[in-house]
Amino acid sequence: MLTFDLSCEPVWLDLPHGVRLRVRPIDRIVRAAAEGAALEKAKQALAEAGAPEDSPAFKTLYLLLLTRLLARHAVLAWEGVGDRDSAPLALSPEALDALLDRDDMLLAFWDRVVNRADPVDAEGNG
């Protein structure tokens, strides 16, 4: 049976180290737009660095940029993120990028948010 969660309501998701993100769903239109923008940014960055597009760095850079773009769209609020003095840190694009610079956070966001964007894939019915 093919099942869908068609809820468009934001949800709170737990990430490592006590971080929680309130995220809205990512639809195919948003994902396609983010994929195109990430592809162009990755190509431009590698061209500026003099690296070929078929270098191993390209896929890594592309996935990082894609995840950042999707997070900027999806993340509405967060908890459990503090500054150097452990005071709550306000959500901003730069702070969100810094969070996703951590491999554990990037992978958790990818698994819990981006992979959930396709309900057919998530159900294993694709």
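Tutor: Leaving aside the neighbours within four places in sequence, Phe109 is in contact with Leu15, Leu21, Val23, Thr67, Leu70, Ala71, Val75, Leu100 and Val114. The model in which these contacts are found is a predicted one. Phe109 also belongs to the largest nonpolar core, a set of 31 residues in which Phe109, together with Leu21, Val23 and Leu99, is among those with the most contacts inside the core. At least two residues of this core come from each of β2 (20-23), α1, α2, β3 (75-79), α3 (93-100) and α4 (103-114).

Helix α1, another contributor to the core, can be followed from end to end. It covers residues 28-49, and its 22 residues reach 31 Å from the first C-alpha to the last, close to the 32 Å expected at 1.5 Å a residue. Within α1, the residues Ala34, Ala38, Ala42 and Leu46 are buried. Seen down the axis of α1, the buried residues fall within an arc of 90°, and so they line one face of the helix. What covers the buried residues of α1 includes α2 (56-74). On the face turned away from that buried side, α1 carries the exposed residues Ile29, Ala47 and Glu48. Ala32, which also lies in α1, counts as partly exposed because its relative accessibility is 45%; the C-alpha atoms of Ala32 and Leu66, 34 residues apart along the chain, are separated by 10.0 Å.

The two ends of α1 can be described as well. At the N-terminal end, Asp27 caps the helix, with a side-chain oxygen 3.1 Å from the backbone nitrogen of Ile29. Just after α1, Gly50 takes a positive phi of about 75°.

Positive phi values are also found in residues other than glycine. His17 has a phi near 65° and is found in the loop between β1 (11-14) and β2, where it is exposed, with a relative accessible area of 58%. Ser86 likewise has a positive phi, near 65°, and is found in the loop between β3 and α3; Ser86 is exposed, with a relative accessible area of 65%.

To set these parts in the chain, the secondary structure comes to five helices and three strands, which follow the pattern β-β-α-α-β-α-α-α along the sequence. Of the contacts in the chain with a separation of 6 or more, 63% are accounted for by residues 24 or more positions apart. Of the 126 residues of the chain, 29% count as buried, and the chain exposes about 8000 Å², with carbon and sulfur atoms supplying 55% of that area.

Notes
Residues numbered from 1 in each chain as written. Predicted model: local features only at pLDDT ≥ 70, side-chain atom pairs only at ≥ 80, totals over all residues. Heavy atoms only, no water. Helix = DSSP H or I, 4+ residues; strand = E, 2+ residues; numbered from the N terminus. Expected span 1.5 Å × (residues − 1). Buried < 20%, exposed > 50% of the residue type's maximum accessible area, 1.4 Å probe, protein only. Arc of directions from axis to C-beta. Contact = heavy atoms within 4.5 Å. Polar contact = N/O pair within 3.5 Å; in protein donor to acceptor, adjacent residues only side chain to side chain. Areas by Shrake-Rupley, 256 points an atom, 1.4 Å probe, with all protein chains shown as cover. Core = buried A, V, L, I, M, F, W, Y, C linked by side-chain atoms within 4.5 Å.
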